[in-house]
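The following note is set out as numbered points. Please read each point with the structure in view.

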Amino acid sequence: MRVGIGYDIHRLVAGRPLVLGGVRIDFSKGLLGHSDADVVCHAICDALLGAAAMGDIGLHFPDTDPAYKDADSLVLLKKVVRMVRDYGYEIENIDCTVFAEAPKLAPFRAEMAAVLAKAIAMAENRINIKATTTEGLGAIGSSEAIAAMCVALLV
Ligand code: MG
């Protein structure tokens with residue numbers, strides 16, 4: 001068994017759609033990035049790549065590559081999952097925490113888990129999404145950013 005950790009943070013700005021865990025969430029701001037800036041997908045990618053000792057998301061999908069401009073991060077996640085499975089690993093479970101002051105993400109947790117489970121082609125009871133605020137502290141607390149942290153176990 002091999003465990004990996006992933007972390008990502010992106011800046012919240014006006015005029016961008018908010019996409020978290022592959023779910024489009026109606027909100028006044030969205031995350032700024034070269035791709036769709038889905039921090040949940042990016043943290044999961046890094047946890048999987050970390051567990052497999054296959055580098056990180058920036059190595060495989062550089063933000064200087066025009067191919068990944070506004071990329072759907074679910075597509076990137078599917079590519080990472082294929083790499084990991086092609087190497088002979090199976091994904092035992094994924095656990096992710098999203099850090100956001102707003103919007104409230106609890107109503108979207110189950111939908112995110114369902115969308116991610118489908119994209120990864122794994123059972124929904126092997127993936128868990130949690131949401132928390134940072135109690136108003138720091139860049140996340142002042143709604144300047146949203147972050148995600150993830151662990152993944154490979155067998
Ligand atoms: Mg990112």
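1. Burial. A residue is called buried when its relative accessible area is under 20%, exposed when it is over 50%, and partly exposed in between, with a 1.4 Å probe and protein chains only. By this definition phenylalanine 61, at 10% relative accessibility, counts as buried.

2. Basis of the note. The model is predicted, so local features need pLDDT of at least 70 and side-chain atom pairs count only at pLDDT 80 or more, whereas totals for chains, interfaces and linings use all residues. Residues are numbered from 1 along each chain as its sequence is written, and side-chain values use heavy atoms, with hydrogens and water left out.

3. Aromatic pairs. Rings of Phe, Tyr and Trp (its six-membered ring) pair if their centres lie within 6.5 Å; planes under 30 degrees apart count as stacked, over 60 as edge-to-face and the rest as tilted. The structure holds 2 such aromatic pairs. Phenylalanine 61 and tyrosine 68 are edge-to-face, because their ring centres are 5.2 Å apart and their planes stand at 80 degrees. Tyrosine 68 is buried, at 14% relative accessibility. Tyrosine 87 and tyrosine 89 form a stacked pair, with 5.8 Å from centre to centre and 25 degrees between the planes. Tyrosine 87 is exposed, at 58% relative accessibility, while tyrosine 89 is buried, with a relative accessible area of 14%.

4. The metal site. Which residues coordinate the magnesium ion? They are Asp8 (OD), His10 (NE2) and His42 (ND1), at 2.1 to 2.3 Å. Donors are N, O and S atoms within 2.8 Å of the metal (3.2 Å for Na, K and Ca); water is not among the atoms, so sites may look incomplete. Along the chain, the donors of the magnesium ion follow the spacing D-x1-H-x31-H. Aspartate 8 in strand β1 (residues 2-14) and histidine 42 in helix α1 (residues 39-51) link distant parts of the chain, 34 residues apart. Here helices (H or I, at least four residues) and strands (E, at least two) are DSSP runs, numbered from the N terminus. Aspartate 8 is buried, with a relative accessible area of 16%, and histidine 42 is buried as well, at 7%.

5. The nonpolar core. In soluble globular proteins, nonpolar side chains tend to be buried together. A nonpolar core is a set of buried Ala, Val, Leu, Ile, Met, Phe, Trp, Tyr and Cys residues joined through side-chain atoms within 4.5 Å. The largest such core has 50 residues, and those with the most contacts inside it are Leu20, Val40, Leu48, Leu77, Ile94 and Leu116. Among the elements that each supply at least two residues of this core are α3 (73-86), β5 (91-99) and α4 (109-120). The largest share, 10 residues, comes from α1. Contact means heavy atoms within 4.5 Å. Not counting residues up to four places away in sequence, valine 40 touches Leu20, Gly21, Cys96, Val98, Leu116, Ile129 and Ala148.

6. Salt bridges. A salt bridge is a side-chain nitrogen of Lys or Arg within 4 Å of a carboxyl oxygen of Asp or Glu. The count by this rule is 5. In one of them, the side chains of lysine 130 and aspartate 95 meet at 2.7 Å, N to O. This pair links distant parts of the chain, with lysine 130 in strand β6 and aspartate 95 in strand β5, 35 residues apart. Lysine 130 is partly exposed, at 32% relative accessibility, and aspartate 95 is partly exposed, at 24%. Salt bridges that share partners join Arg16, Lys69 and Asp70 into one network. Within it, the closest N and O atoms of lysine 69 and aspartate 70 are 3.5 Å apart. Glutamate 90 forms a salt bridge with arginine 85, where the closest N and O atoms are 3.0 Å apart.

7. Cysteines. How many disulfides does a search of the whole structure find? The search finds 0, a disulfide being a pair of cysteine sulfur atoms within 2.5 Å. Cysteine 45 is in no disulfide, and the nearest cysteine sulfur, that of cysteine 41, is 6.5 Å away. Cysteine 45 is buried, at 0% relative accessibility.
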